[in-house]
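This briefing describes a ligand site and the domains around it. Please view the sequence and the structure together while reading.

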Amino acid sequence: MVIAKAWALKKHFDGFPKTSDFDLKKIELPNLKDGGEQKLLLESVFLSVDPYMRPYSRRDMKEGDIMIGTQVARVVESKNPAFTVGTFVVAGRGWRTHFISDGKDLQLLPSNWPESLPKSLALGTVGMPGLTAYFGLLEVCKMKPGETVLVNAAAGAVGSVVGQLAKIGGCKVVGCAGSDDKVAYLKKIGFDEAFNYKTVKSLDEALRKASPDGYDCFFDNVGGEFASVAINQMKKYGRIAVCGAISQYNDSVPQKGPYAQVPMIFKELQMEGFLVTRWNNRREEGLQALLKWVVEGKVKCHEQVTEGFENMPMAFIGMLKGENVGKAVVKV
Ligand code: NDP
């Protein structure tokens with residue numbers, strides 16, 4: 001018998017999440033039976049902490065539920081011939097150390113995953129955040145060579161891939177992030193221009209200086225005031241991919257305008273919200289493209305690894321505060 005540890009939402013977040021909003025539980029898992037049921041026992045090896053957990057907890061969870069989320073897990077016991085012991089999978093079973101599955105909800109890592117490549121990347125650059133960058137840029141921004149792409153939260157899991165894919169696509173890339181170390185990281189991985197949005201005197205001026213002609217594409221991870229300023233610097237017929245609005249997720253009182261309509265009309269902009277799940281049927285295509293670029297060294301990956309399952313709430317809160325460079329993950 002295995003006792004799983006799991007983090008529950010003790011209290012719905014009110015404003016910025018606090019460690020006291022979480023509760024560590026122990027859950028006794030039944031032994032796997034022989035015959036009939038083709039079940040598996042899995043242990044989480046890496047768990048993801050993502051911004052969506054903040055708004056989705058309010059929408060989809062009740063107090064006492066186990067926190068939502070994905071993990072890279074290893075099969076430790078198998079009564080299912082499709083999964084041998086030792087197989088690594090991606091699962092969406094929330095903040096748990098162990099769980100039982102019939103295999104239907106598990107995704108194998110791509111079969112050509114190199115042994116030397118950290119499996120945690122299946123939660124980041126070669127996983128959901130990487131796919132978000134890939135489909136958001138190709139299908140929503142519809143970037144073309146020679147264009148200028150702006151991305152915010154640029155040193156994070158999605159943003160750092162957006163910038164690198166835009167460079168591969170022949171674009172000029174401008175990125176904004178919340179610390180000088182992050183700005184140095186962006187320059188290191190090939191961004192043409194990068195600045196710290198927290199320390200510039202004027203965001204408007206900094207955006208203008210980085211690209212005096214304006215922006216063809218804006219991959220918006222942040223929303224709020226940043227987006228309100230940036231929209232005025234779009235070029236005519238510019239495209240805005242509304243990917244995230246992290247500057248608004250912790251608001252108790254909704255932020256008010258300025259409003260987007262006037263620049264949208266006179267610059268004839270396209271602004272489209274999207275969820276990466278729209279392209280679930282092209283997941284394999286996206287993962288193979290990302291994996292290839294990572295293996296070739298054309299896309300660099302950085303991870304902020306927090307050690308210890310007991311530190312999951314701290315890792316989640318740290319990511320929301322901007323402590324991560326690249327993808328924030330927890331190593332059990
Ligand atoms: P990140 O790795 O980028 O981590 C979050 C980052 O957001 C922080 O590091 C911080 O960086 C920045 N941030 C936090 N608060 C603020 C704020 N008030 N203003 C500006 N920046 C802030 O996360 P992800 O890459 O996983 O996600 C990025 C965005 O993409 C999120 O909005 C997320 O919800 C969205 N997303 C959308 C998906 C979709 O399907 N539409 C799928 C996946 C993600 P800094 O130091 O630069 O401030």
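This is a predicted model: local features need pLDDT of at least 70, side-chain atom pairs count only at pLDDT 80 or more; totals for chains, interfaces and linings use all residues.

- A polar backbone atom of Gly 178 is found 2.9 Å from an oxygen atom of the ligand.
- For Tyr 197 the side chain takes part, with one of its N or O atoms 2.5 Å from an oxygen atom of the ligand.

**The shell around the ligand**
- There are 27 residues around the ligand, and those that come nearest are Val 158, Lys 182, Tyr 197, Tyr 249 and Asn 324.
- Sorted by class, this shell holds 17 nonpolar, 9 polar and 1 charged residues.
- Helix H2 (128–141), helix H3 (157–168) and helix H9 (312–321) are the elements that give two or more residues to the shell.

**Domains and their interface**
- The domain assignment divides the protein chain into domain 1 (2–117 + 302–331) and domain 2 (128–277), and the centres of domain 1 and domain 2, taken over C-alpha atoms, are 30 Å apart.
- Because domain 1 and domain 2 both give residues to the shell around the ligand, the ligand lies between them.
- Contact between the two domains involves 18 residues of domain 1 and 13 residues of domain 2, and the area buried between domain 1 and domain 2 is about 1,100 Å², with carbon and sulfur atoms giving 61% of that area.

Notes
Residues are numbered from 1 along each chain as its sequence is written. Side-chain values use heavy atoms; hydrogens and water are left out. A residue is near a molecule or strand if one of its heavy atoms lies within 4 Å of it. A polar contact is a pair of N or O atoms within 3.5 Å; within protein, one must be able to donate a hydrogen and the other to accept it, and residues adjacent in sequence count only if both atoms are side-chain atoms. Helices (H or I, at least four residues) and strands (E, at least two) are DSSP runs, numbered from the N terminus. Ala, Val, Leu, Ile, Met, Phe, Trp, Tyr, Cys and Pro count as nonpolar, Asp, Glu, Lys and Arg as charged, and the others, Gly among them, as polar. Domain bounds come from an automatic or database domain assignment. Contact means heavy atoms within 4.5 Å. Buried area is the accessible area (1.4 Å probe) that two parts lose on being put together, summed over both.
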